Amino acid sequence: MADELRDGSLPLARILFPKVGALPLGTLLTKALRDLAKRQPNLFDRLGEHKSACFFVDPTDLSFAFLVVPDGERSRVRVVDKSEASSAAVLISGPILMLLGLLDGSLDGDALFFRRIVSIGGRTEAVLALRNAIDDAELRPADLLGLHGVLGRLADNAILGSLRAARRLACRGLDQGERS
């Protein structure tokens with residue numbers, strides 16, 4: 001278990017998020033991306049030619065992956081089997097907590113990459129364009145959910161607080177595993 005925690009993995013992630021339960025997630029994420037594109041079209045414009053690239057996002061501690069095409073109001077997200085990686089131009093993989101930390105800007109992508117916690121493959125220029133667009137947008141969970149004001153702040157605090165707590169739990173587990 002300590003090896004799983006060393007890379008920020010959630011040991012129970014496969015149990016908490018079984019593949020069958022993840023199927024509606026693609027539809028929800030597609031809607032969230034398209035709504036975000038309506039509110040912040042510049043975010044997607046920053047991707048340039050790479051907005052039609054297919055990104056295979058593989059949360060290594062989950063039993064499924066995502067195929068994402070961040071094409072503005074035509075964005076698509078599908079929950080797929082991990083064997084579908086070859087159909088994508090870009091591969092991004094790592095534990096779900098680390099990938100979410102990259103999305104909300106709370107974790108440093110370079111540090112995770114050089115520590116080999118997150119890996120990338122394929123068209124690196126597309127990954128860099130995506131990273132720069134996300135960094136410039138300073139996205140918060142409320143942005144993806146389309147929430148504003150008090151409700152947006154509540155969502156951000158709840159979601160980001162939960163992610164911080166999960167990371168602390170993973171690190172505490174690592175500390176205990178290394179002491180045994």
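**Whole chain.** Start with everything shown, and keep in mind that the model is predicted. Colour by secondary structure. The protein has 9 helices and 5 strands.

**Surface and interior.** The protein exposes about 10,200 Å². Carbon and sulfur atoms supply 58% of that area. Of the 180 residues, 40% count as buried. Next, look at contacts between residues at least 6 apart in sequence: 65% of them join residues at least 24 apart.

**Helix 7.** Select residues 124-137. This is helix 7, with 14 residues. From the first C-alpha to the last, helix 7 reaches 20 Å, close to the 20 Å expected at 1.5 Å a residue.

**The buried face.** Which residues of helix 7 are buried? Select Ala126, Val127, Ala129, Leu130, Ala133 and Ile134. Turn the view to look down the axis of helix 7. The buried residues fall within an arc of 160°, so they line one face of the helix.

**Last stop.** Select Glu138, which follows helix 7. The phi of Glu138 is positive, near 50°.

Definitions and conventions. Residues numbered from 1 in each chain as written. Predicted model: local features only at pLDDT ≥ 70, side-chain atom pairs only at ≥ 80, totals over all residues. Heavy atoms only, no water. Helix = DSSP H or I, 4+ residues; strand = E, 2+ residues; numbered from the N terminus. Expected span 1.5 Å × (residues − 1). Buried < 20%, exposed > 50% of the residue type's maximum accessible area, 1.4 Å probe, protein only. Arc of directions from axis to C-beta. Contact = heavy atoms within 4.5 Å. Areas by Shrake-Rupley, 256 points an atom, 1.4 Å probe, with all protein chains shown as cover.
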